[in-house]
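Subject: Structure handover

Hello,

Here is the structure I promised to pass on. Please open it first, then read my notes below.

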Amino acid sequence: MLESGEFATIAELAEREGIAPSYMTRVMRLTLLAPDIIEVILDGQQEPEVTRPD
């Protein structure tokens, strides 16, 4: 939506989604990960160092 120009800023997109702009920024950083890393994380196969402690 940012790339298409539907929203000019992360803050506008966050408002539409009903989340804080800081959270939107953190989530968007995840898009910079390599596809194979994303797949491993989504499959729950990441190394323990990548998992957030409870």
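Buried residues make up 7% of the 54 residues in the chain. Please keep in mind that this is a predicted model. The exposed surface comes to about 4700 Å². Carbon and sulfur atoms supply 56% of that area.

Now the fold. The chain has three helices and zero strands. Read from the N terminus, the order is α-α-α. The radius of gyration is 14 Å, well over the 10 Å that the globule rule gives for 54 residues, so the chain is more spread out than a compact globule. Along the principal axes, the C-alpha atoms fill a box of roughly 35 × 25 × 15 Å.

Next, charges. The chain carries 4 positive and 11 negative side chains. The centres of the two sets lie 9 Å apart. How many salt bridges does the count give? The count comes to one. Its partners are Arg16 and Glu17, whose side chains meet at 2.7 Å, N to O. That distance qualifies because the cut-off for a salt bridge is 4 Å. Glu17 is partly exposed, at 40% relative accessible area.

Then the nonpolar surface. Which residues form the patch there? They are Ile19, Tyr23, Val27, Leu30, Leu33, Ile37, Ile41 and Val50. Together these residues have about 620 Å² of accessible area. Helix H2 (21-29) supplies at least two residues of the patch, and so does helix H3 (35-42). Leu30, one of the patch residues, lies in the loop between H2 and H3.

- Met1 sits in the segment before helix H1 (10-17). Its relative accessibility is 44%, so Met1 counts as partly exposed. Met1 and Leu13 are 12 residues apart along the chain, and their C-alpha atoms are separated by 7.8 Å.
- Gly18 is in the loop between H1 and H2. Is Gly18 buried or exposed? Gly18 is exposed, because its relative accessible area of 65% is over the 50% limit. Gly18 and Glu39 are 21 residues apart along the chain, with 27 Å between their C-alpha atoms.
- Thr25 belongs to helix H2. With a relative accessible area of 28%, Thr25 is partly exposed. From Thr25 to Leu2 the C-alpha separation is 12 Å, and the two are 23 residues apart along the chain.

To recap: three helices and zero strands, a chain more spread out than a compact globule, one salt bridge, and a nonpolar patch on the surface.

Best wishes

Technical notes:
Residues numbered from 1 in each chain as written. Predicted model: local features only at pLDDT ≥ 70, side-chain atom pairs only at ≥ 80, totals over all residues. Heavy atoms only, no water. Helix = DSSP H or I, 4+ residues; strand = E, 2+ residues; numbered from the N terminus. Rg over C-alpha atoms; globule rule 2.2 N^0.38 Å. Buried < 20%, exposed > 50% of the residue type's maximum accessible area, 1.4 Å probe, protein only. Areas by Shrake-Rupley, 256 points an atom, 1.4 Å probe, with all protein chains shown as cover. Lys, Arg positive; Asp, Glu negative; His and termini not counted. Charge placed at Lys NZ, Arg CZ, Asp CG, Glu CD. Patch = residues over 30% accessible without salt bridge, like charges linked within 9 Å, V, L, I, M, F, W, Y side chains within 5 Å.
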